[in-house]
Amino acid sequence: VQLQASGGGLVQAGGSLRLSCEASVSATSGSTFSIDAIGWYRQAPGKQRELVATIGSGGSRNYANSVKGRFAISRDTAKNTVYLQMNALKPEDTAVYYCNTVFRAALDADWGQGTQVTVSS
């Protein structure tokens, strides 16, 4: 399954954005999207890619300490989409945001293009 991140943009500090991660499912193959753990990750200029949040098939969620209380991850299995609601954005949230399965992320594989989030002060 291929994942495409979208929804980034330019926002002022304190603002909000909602990112979407949509799975493109081949009509000729099965999909494990509904049972895959999916994560949002980000990479700021000059920094390593880091985990932002993950959601399991049963709805369990994990967040990086830096985003706890501000970001919320959710999934709509019927729409094959995982969302990241980002509130109270800070300039340090500026990065390219990627979504990936947790499994592939651990292998550092299949990252896709990501979506740019820029928070101005």
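The legends below accompany close-up views of a predicted model.

View 1. When the whole structure is searched for cavities of 30 Å³ or more, 1 is found, and the volume of the largest cavity comes to about 40 Å³. Rolling a probe the size of a water molecule over the atoms is what shows where empty space is left.

**View 2. The residues that line the largest cavity.** Two or more residues of the lining are given by strand 1 (2-6) and by strand 9 (95-101), and the largest share, 3 residues, comes from strand 1. By residue class, the lining of the largest cavity holds 5 nonpolar and 4 polar residues, with no charged residue among them.

**View 3. Asp93 in its loop.** Asp93 is placed in the loop that runs between strand 8 (81-86) and strand 9. Its relative accessibility is 1%, and because buried means under 20%, Asp93 counts as buried.

View 4. The side chain of Asp93 is joined to the side chain of Arg42 by a polar contact of 2.9 Å, and a polar contact of 2.7 Å links the side chain of Asp93 with that of Arg70. When residues up to four places away in sequence are not counted, Asp93 touches Arg42 and Arg70, and also Phe71, Ala88, Val117 and Val119.

Note on methods:
Residues numbered from 1 in each chain as written. Predicted model: local features only at pLDDT ≥ 70, side-chain atom pairs only at ≥ 80, totals over all residues. Heavy atoms only, no water. 1 Å grid on protein atoms, 1.4 Å probe; cavity = no way out; pocket = protein on both sides within 12 Å on 5 of 7 lines; lining within 4 Å. Points joined across faces, edges and corners; volume = space filled by probe spheres on them. Helix = DSSP H or I, 4+ residues; strand = E, 2+ residues; numbered from the N terminus. Nonpolar A, V, L, I, M, F, W, Y, C, P; charged D, E, K, R; others polar. Buried < 20%, exposed > 50% of the residue type's maximum accessible area, 1.4 Å probe, protein only. Polar contact = N/O pair within 3.5 Å; in protein donor to acceptor, adjacent residues only side chain to side chain. Contact = heavy atoms within 4.5 Å.
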